[in-house]
Amino acid sequence: MSDHECDPRLGCYRPAVFSLEKYVAGTTTEQVRRELGLDDVVKLASNESAWGPSPQALAAITAELRNLWQYPEQSFFDLKEAIAAAHGLTADHVFVGHGSEVIIQVLPQLFCEPGDEVIVADITFGRYAEACKLMLAEIVTVPLRDFGYDLDAVRAAVTPRTKLIWLCSPNNPTGTVVTAAAVRELLDGLPGHATLVLDQAYQEFVDDPAAVDGVELLREGRENLIVLRTFSKAYGLAGMRLGYALVSPRICHLLDTIKEPFNLNRLSIVAGPAALADRAWMEACVAETIAGRELLAVELVRMGFRVVPSQANFVLADVGEDSVELWRRLLQRGVIIRPAAGWGLATWIRVTVGTREQNERFLEALRAESQVLSAR
């Protein structure tokens, strides 16, 4: 008997809720310290910045603490102006939210009716599908090809019922990108009822000149494109929960109509503009990240593991054994990584790029705990 059948109280709830999968976050530093009694812990599981926020952002947050007794200004004027200026757009193209996950949650509320279809990849960020399932949309899954998007297959999956197409570039957890030419071709061929959501949370780490930058496409006046960005990765503000969408003014107005009031706090409102102003800090952190990404990829390949070429701040690698068991053993050494079993990749791990010292510590722990390496 299902939970729904055995508990009469559940009859008053929406059935769609019971189809959802709860989001499983990466293991936290606090968990490892609390459960294993370890003080020296390296977290390379959640794609955070090892260098943290800009000092300018920290100063702005500190100065704003005295104003926490007041609600934030609901228009978020200064933040939207700063984001718009950074991308060569106007403020009426900017929709902000308490992390990009909240924006992912609200987009199906605007677009999806029961029975509508949305297209997602089989290996990508899971919240796209979950947010749409809650609105009773049907999920159409398109397999990746060699860990990258197959846009021909995506195009073939579009039907008269398609409302949203979700692309993540760089893709989480693979780190692969789609090209600007391919995305432009996809957009040109979409029917008027379909909108492309391009999640570019990791865009700052991209150094492939052929990779798509959704902002450039928006500047062309695309009405069927939504670009998601965040301050959680390159700007080191994951704990602040600050994300945004760049969209046409019409869509932005509609999103502002249905969102919750005061959907940002006063600290995030001042942190965003300060972080954008300190571009030198962000670029230095990105440069360190790209160097660390190369180090991890080279060393993992040298160990004999397959590595997916990444344009993000993480690396996906096949370690040739049960990744969950390896994750547990690495935890005992105070090293947190992300087993990719939740994406159906039973022998793969995703490792966030850290500082040089953190990267070396992970590699040392992996050499010590890998059953594949010890069997050679």
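At what angle do helix α4 and helix α11 pack, and how far apart are their axes? Select residues 77–87 for α4 and residues 266–277 for α11: the two helices pack at an angle of about 25°, with their axes 8 Å apart. Axes here are lines fitted to C-alpha atoms, for helices over the stretch in contact, and angles run from 0 to 180 degrees between N-to-C directions. Helices (H or I, at least four residues) and strands (E, at least two) are DSSP runs, numbered from the N terminus.

Before you move on, please note that this is a predicted model, where local features need pLDDT of at least 70 and side-chain atom pairs count only at pLDDT 80 or more, while totals for chains, interfaces and linings use all residues. Residues are numbered from 1 along each chain as its sequence is written, and side-chain values use heavy atoms, with hydrogens and water left out.

**Stop 1: the α4 and α11 pair**

Stay with the two helices. α4 and α11 are roughly parallel to each other; angles under 35 degrees count as roughly parallel, over 145 as roughly antiparallel, 65 to 115 as roughly perpendicular and the rest as oblique. Their crossing is left-handed, a term for a near helix turned anticlockwise from the far one by less than a right angle, with right-handed used if clockwise.

Now show side chains. From α4, pick D78, L79, A82, I83 and A86; they meet I269, G272, P273 and L276 of α11. Contact means heavy atoms within 4.5 Å. By class, this contact of α4 with α11 has seven nonpolar, one polar and one charged residues. Ala, Val, Leu, Ile, Met, Phe, Trp, Tyr, Cys and Pro count as nonpolar, Asp, Glu, Lys and Arg as charged, and the others, Gly among them, as polar.

**Stop 2: two cysteines**

How many disulfides does the structure hold? The count is zero, with a disulfide taken as a pair of cysteine sulfur atoms within 2.5 Å. The cysteine sulfur nearest to that of C112 belongs to C132, 4.6 Å away. C112 counts as buried at 6% relative accessibility, and C132 is buried too, with a relative accessible area of 0%. Buried means under 20% relative accessible area, exposed over 50%, and partly exposed in between (1.4 Å probe, protein chains only).

**Stop 3**

Most residues other than glycine have a negative phi, and most peptide bonds are trans. Here are some places to look for something else.

- Select S169 and P170, which are joined by a cis peptide bond with omega of about 0°. P170 lies in the loop between β5 (162–168) and α8 (180–189).
- Go on to N172 and P173, where the peptide bond is cis, with omega near 25°. P173 also sits in the loop between β5 and α8.
- Jump to N47, a non-glycine residue with a positive phi of about 60°. You will find N47 in the loop between β1 (42–43) and α3 (55–64), buried at a relative accessible area of 1%.
- Then pick F76, whose phi is positive, near 50°. F76 is in the loop between α3 and α4 and counts as buried at 2% relative accessibility.

**Stop 4: R306**

Finish at R306, in strand β9 (residues 306–308). R306 is partly exposed at 43% relative accessibility. Which residues does R306 contact, leaving aside its neighbours within four places in sequence? Highlight D146, F147, L316, A317, D318 and W348.
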